[in-house]
Amino acid sequence: MLTILGFATIVVFLVLTMTNRVSVLIGLIAVPVVAALIGGFGPQLGELSTEGILQVTPVAVMITFAILYFSLMMDEGLFDPAIRRILRWVKGDPARITVGTAVLTMLVALDGDGATTFLITVSAMLPLYQRLGMRPLVLAGVVGLSAGVMNILPWGGPTARAMAVLDVGIDEIFIPVIPSLIAGIIWILAVAWYLGLRERRRIGVASLSAEELELVVAGVRGTGGGGAGTGSGGGSAAAADLGHDGGPATRRATPRWRMVANLVLTVALLAALVAHVLPLHVLFILGFVIALTYNRPRWADQQRLLEDHGKAVLLVISMIFAAGIFTGVLGGTGMITAMADSLVGVIPTGLANLLPLLTALTSMPMSLMFTPDAYYFGVLPVLAETYAASGGDPSAIGRAAIMGQMTTGFPLSPLTAATFILIGLTSVQLGEHQKFLFGWAFGTTLVMTAVAILTGAIPL
């Protein structure tokens, strides 16, 4: 009965959310609650839900303060000097411009919000592409790939979901795939250079005046400082969809001493993260409080920061807590274990051992069929428990999933709103964008998966 009820719960959740009958937030809570009542677990429902929420609380706290921290750093212009250097380095060479686009996107993507990354980067770079006659399709492709690979960061979509669902930390999910992340970044820079060379052969190298380059730099300043929830120059309609105020940034120049302090603090924070000096959520709490103390000492300014970025935070953590109820009920009632046991009984032993590899290779194409929430909250727990039942480490399934699902799939998927922001800003058709980018995106998955196998992050 538990097996049937478990599979029925997953199927109903996927159908309701993928057909937009209910929102993901409602589906994550209502569907397992109804299933628990049908299964006779009503008296334990409160306890199971609470346990699930407590399991995901560290992840929710980490995401909250990571978004706030990097949004503050964006507001303070921490990355402005690097952005200016990139844009002045590219000059009028299409090959340099595509590489610069990739680097710029990766820097902006540090705040973990793909939609905001698209708004800032495309708004800044599109005039330059248009001035030189470069194809907007190339801009959409390079930005999508670059934002996708950075989404593997612990406060990005896929890794945060995987940690919440599997109840593991960065030691089990993120740290082992750092070599894969580095390989993915190098691969995308190479792809960007190749695409730029093709554009160079097509249109040649242009000569841009200092005034024209400065306009592009100013464009980044005008759309920058955004983070996950501030104003952007990407258009009022798109900004409204993201909870932005739609207006231009009004940031004043940051004093040099604060720029240096922010740089030192950010480097120290990232080093402590990799070294796992403290739990990730504690690191970001401390880092944000320290940064807030000298960047926004007045309470009124702190309130404005929270108002600007609070919407993005609320959207993410509400989903994480809802996922805690979903996995808490399904796990606590034994449904996930029952489903996994039934799958183990029909999967050949050799195939079960290859489950992490199969997950990695299929995660990117599956991003075109499942929303991120549907995949991580509906499919991943069953795969992980199935692998655990055959004697494997369920964390390996989580690491395999982030190799493609959302990492390279979300800039292509018609099921994510960010995809339409990207193609809308560049005026590219979805089918054309998917045809152009699918091969490069799947190549990124293959490169990262190969490195993960070589380093043991994905066992064979």
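Welcome! In helix H2, the buried residues (under 20% relative accessible area, with a 1.4 Å probe and protein chains only) are Val24, Gly27, Leu28, Val31, Pro32, Ala35 and Ala36. Because these residues cover an arc of only 135° around the axis, taken from the directions from the helix axis to the C-beta atoms, they sit on the same side of H2. The model is predicted, so local features need pLDDT of at least 70 and side-chain atom pairs count only at pLDDT 80 or more, while totals for chains, interfaces and linings use all residues. Residues are numbered from 1 along each chain as its sequence is written, and side-chain values use heavy atoms, leaving out hydrogens and water.

**Helix H2**
- On the other side of H2, Ile26 and Leu37 are exposed, a word that stands for over 50% relative accessible area.
- Helices here are DSSP runs (H or I, at least four residues), numbered from the N terminus.
- The 15 residues of H2 (residues 24–38) should span 21 Å at 1.5 Å a residue, and the end C-alpha atoms are 21 Å apart, which agrees; the expected span is 1.5 Å times one less than the number of residues.

**Helix H9 and Glu199**
- Glu199 is part of helix H9 (residues 178–203).
- With a relative accessibility of 1%, Glu199 counts as buried.
- Not counting residues up to four places away in sequence, Glu199 touches Pro94, Met134, Arg135, Val138 and Gly204; contact means heavy atoms within 4.5 Å.
- That contact partner Gly204 comes just after H9 and takes a positive phi of about 85°.

**Nonpolar cores**
- A nonpolar core is a set of buried Ala, Val, Leu, Ile, Met, Phe, Trp, Tyr and Cys residues joined through side-chain atoms within 4.5 Å.
- The largest such core has 129 residues, of which Met62, Tyr69, Phe284 and Met403 touch the most other members.
- Helix H3 (residues 45–75) gives the most to this core, with 13 residues.
- A second, separate core of five residues includes Ala36, Phe41, Leu45 and Val329.

**Two loop residues with positive phi**
- Asp167 has a positive phi of about 55° although it is not a glycine, and lies in the loop between helix H8 (157–166) and H9.
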